[in-house]
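Visitor: Hi, could you walk me through this one? I'd like to start with the pockets.
Guide: Happy to, here it is.

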Amino acid sequence: MSSAPERPRPAGIGDEAAPGLDGQLDALRALGWDLLELRTLNGVPVAALPEDAVARTAARIRDAGATVVAVAAKIGDWSRPATGDFAADVAELDALVRRCALLGTRTVRIMSYPSGGLTAAEWGRTARARVRELARRAEDAGLLLVHENCAGWAGEDADRALDLLAHADSPALRLLFDTGNGVAHGYDGPAMLRRIAPHVAHVHIKDAVRTPGGDTAYVPPGRGEAGVEECLRILAGHGYRGALSIEPHLHLRPHLLARGGDPGRGDVAAFVDYGRRLEELAHRVWSAEGVR
């Protein structure tokens, strides 16, 4: 008799726990997890780190018994509008080819460019053309780009996300679903996920509420308005077996840099508490699905 499939494995974006690698690994160790998603080390994006520093980082991660599940890149993100220089994204992807090989991962998070003031038609043409070219380059290099439902042309709409995939027409482009982004960007996250779930290859876990003043406040998973548990049920129903990577945003919000604000810094204890809450939710959902 065949055994039941295993549930998705928990992971976390390390700089949400601590700026440096020591703190990031301490947080994983406290949780008993072995999957790390890298975004920055001491504030420096992975693509901007020297190769020898990445090699040393990779060795330390391996020695800690952990694996890098993905790299969260800046390609197409909130800091890079569609009117900006595409060469910056091409250069970042080129830099990540070697760095991802050293880190032992092939998964790279991207977005699809804020408009930068372009008309809707121009914005769509530019975003699709850029992502198609990036996917072609990633395919040649053996990388997998996962597009996040965040900043950019295809970030807030399921039809656009599916159109982006169709236009790229590449096995090197899939989708990343962040459970909390719908609250921040004003759309129904679970409704979007129902449309795109078969194409989701990576998941970020966050939760949030809208404040009376119209801002977004981030809260532990399952305690906000994002429908995190509903999203997990949708993923379970589609047989999702990728990582569930926590991105608490309780003490670190990188996008505040775009407004000239202080993004904060990670917090190991809060990260560990957040991870425990995810474990509880995931256990409840996947146990109901009969998955061990």
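Visitor: How much space lies in the second largest pocket?
Guide: About 170 Å³. A pocket here is an open set of points on a 1 Å grid over the protein atoms alone, where a 1.4 Å probe fits, with protein on both sides within 12 Å along at least five of seven lines. The volume is the space filled by probe spheres set on the points, which are joined across faces, edges and corners.

Visitor: What should I know about the model itself?
Guide: This is a predicted model, where local features need pLDDT of at least 70 and side-chain atom pairs count only at pLDDT 80 or more, while totals for chains, interfaces and linings use all residues. Residues are numbered from 1 along each chain as its sequence is written, and side-chain values use heavy atoms, with hydrogens and water left out.

Visitor: New topic: which strands are joined to E12 by bridges?
Guide: E1 (residues 9–13) runs parallel to E12 with four bridges, and E9 (residues 200–205) runs parallel to E12 with three. Two strands pair if DSSP finds at least two bridges between them. Ser245 of E12 partners Ala11, and Leu244 partners Val203.

Visitor: Are the faces of E12 covered or open?
Guide: Both are covered: Ala243 and Ser245 are buried on one side, Leu244 and Ile246 on the other. Buried means under 20% relative accessible area, exposed over 50%, and partly exposed in between (1.4 Å probe, protein chains only).

Visitor: What about helix H5, which residues are buried there?
Guide: Ala158, Ala161, Leu164, Leu165 and Ala168. They line one face of H5, because they fall within an arc of 125 degrees seen down its axis, taking directions from the helix axis to the C-beta atoms.

Visitor: Is His249 buried or exposed?
Guide: His249 is buried, at 6% relative accessible area, whereas Asp169 is exposed, at 65%.

Key:
Helices (H or I, at least four residues) and strands (E, at least two) are DSSP runs, numbered from the N terminus. On a 1 Å grid over the protein atoms alone, a cavity is a set of points where a 1.4 Å probe fits but cannot get out, and a pocket is an open set with protein on both sides within 12 Å along at least five of seven lines; lining residues have an atom within 4 Å of a point.
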